[in-house]
Structures are given as C-alpha cells and as structure tokens.
Amino acid sequence: MKRRADQISEDVRFVRNPIFRISRWFYSPEMLIPGAGTRLLRYAEKVAYSNSSSEAEDVDTEEVIIPGPAEEIRIRVYSSKESSESTPAVMHFHGGGWIAGNLNGSDDLCLEIARKTGATVISVDYRLAPENSFPAGFEDCYAATRYVQENPESFGVDPERIVVTGVSA
C-alpha cells in the first residue's frame with residue numbers, strides 16, 4: 001500500500017527531497033562520464049568537512065602513516081590526554097560504501113567517542129573505488145587493525161581490547 005506524501009513525516013520529507021534532487025542531477029546525461037559522480041561527491045565532502053575541527057581540549061589527535069597491503073595507509077589517532085595506561089582501541093572506518101568519504105567526515109564522531117569513553121580511536125583512510133576496486137578498502141581496514149594489534153605500544157592500547165566500528169562501510 002502506497003503512502004501519500006502528506007502522510008510522510010516532516011523529517012523524511014526533508015531528507016528525501018534533497019536526495020532525490022541530487023540523485024537526478026548525478027544521473028543526468030551530462031553526468032554519464034565514468035567516475036564523474038564519484039569525483040563530484042568527493043569534492044562535496046571536502047567542502048562540507050573543510051571546517052571540521054580536530055581540536056578538543058581533552059583529546060590529542062595525530063595523523064600517522066602505516067604500511068598497507070598495496071600502499072601506505074593514513075590513519076588518525078584520537079587519544080585521551082588523561083589516560084596514562086593502555087586503553088581499549090576503537091578502529092573506526094568512515095562511511096561512503098567504499099567509494100567516498102575520508103577521515104574528516106568522521107572527525108567529530110571519533111572525537112566524541114574518545115572523549116566519552118577514554119578509548120583510543122583510530123580512524124582509517126582506506127583506498128576508495130573506482131580507482132581501487134573492492135576489496136581494496138576492506139583490505140586496508142583489515143591491515144590497519146592487524147597493525148594496531150601487532151604494535152599496541154605505538155598507540156598505547158591493549159591488544160586484547162580492540163573493537164571495530166564504522167558508518168556504512
């Protein structure tokens with residue numbers, strides 16, 4: 001049974017309408033250039049998250065490069081300034097369905113997790129499609145998790161207490 005538009009909550013209408021307009025634009029004849037939609041989405045992310053703040057008074061943030069299966073992997077480590085012992089680790093994989101997203105998109109979420117839990121949050125900037133076909137991004141996430149588990153002293157984490165989380169991916 002179909003629902004009429006006036007029966008849909010205001011929140012759903014707010015989300016549905018912009019997505020419909022954007023998706024129509026992405027798939028217009030001008031946008032049928034391979035990869036154009038993905039490039040546009042990545043550009044929109046850069047603009048949207050360019051003002052994202054990685055600074056919090058009680059959380060240290062550091063970007064680190066670690067070895068990966070095909071190339072180096074950039075990770076961002078969020079650690080509580082108050083912890084002096086090894087903490088649990090939260091491996092965070094940003095959203096984007098393996099084709100979009102970056103470390104900045106989850107910055108506020110990672111800061112909040114580190115702040116509220118005292119855990120060390122490690123956000124992984126994995127390779128994206130279409131430049132790197134699936135499962136390249138997944139392999140990067142797995143490699144980063146193994147690296148943290150095998151080098152816990154580098155991150156001040158307990159290798160027995162690692163949790164994996166993410167948005168969409």
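Q: Which side chain does R161 meet in a salt bridge?
A: The side chain of D158, at 3.1 Å, N to O. A salt bridge here is a side-chain nitrogen of Lys or Arg within 4 Å of a carboxyl oxygen of Asp or Glu.

Q: Is this a predicted model or something else, and how are residues numbered?
A: This is a predicted model: local features need pLDDT of at least 70, side-chain atom pairs count only at pLDDT 80 or more, and totals for chains, interfaces and linings use all residues. Residues are numbered from 1 along each chain as its sequence is written, and side-chain values use heavy atoms, with hydrogens and water left out.

Q: What's the average pLDDT?
A: The protein averages 77, and 65% of the residues score at least 70. pLDDT is the predictor's confidence in each residue, from 0 to 100.

Q: Where does pLDDT stay under 50?
A: Over residues 1–33, for which the model has 17 contacts beyond four places in sequence. Residues 47–52 are also below 50, with five contacts beyond near neighbours in sequence. Contact means heavy atoms within 4.5 Å. Where pLDDT is low, the predicted coordinates should not be read in detail.

Q: Back to R161. Buried or exposed, or in between?
A: R161 counts as partly exposed because its relative accessibility is 40%. The cut-offs: buried is under 20% relative accessible area, exposed is over 50%, and partly exposed is in between, with a 1.4 Å probe and protein chains only.

Q: How many salt bridges does the count come to?
A: Twelve by this rule. E63, R74, R76, D107 and D125 are linked in a network of them.

Q: What about E112 and K116?
A: Their side chains meet in a salt bridge at 3.3 Å, N to O. Both lie in helix α3, residues 107–117, four residues apart, about one turn of the helix. E112 is partly exposed at 31%, while K116 is exposed at 65%.

Q: Which residue does E139 meet in a salt bridge?
A: R127, at 3.9 Å, N to O. That pair links distant parts of the chain: E139 is in helix α4 and R127 is in the loop between β4 and α4, twelve residues apart. R127 counts as buried at 11%; E139 is partly exposed at 37%.

Q: New topic. How many helices and strands?
A: Five helices and five strands. Helices (H or I, at least four residues) and strands (E, at least two) are DSSP runs, numbered from the N terminus. The order from that end is α-α-β-β-β-α-β-α-α-β.

Q: Which residues of α4 are buried?
A: A136, G137, D140, C141, A143, A144, T145 and V148. They pack against β1 (59–66), β2 (73–80), β3 (87–93), β4 (120–125), α5 (152–155) and β5 (157–166).

Q: What does T145 contact?
A: M91, F93 and I162, leaving aside neighbours within four places in sequence. T145 is buried, at 17% relative accessible area.
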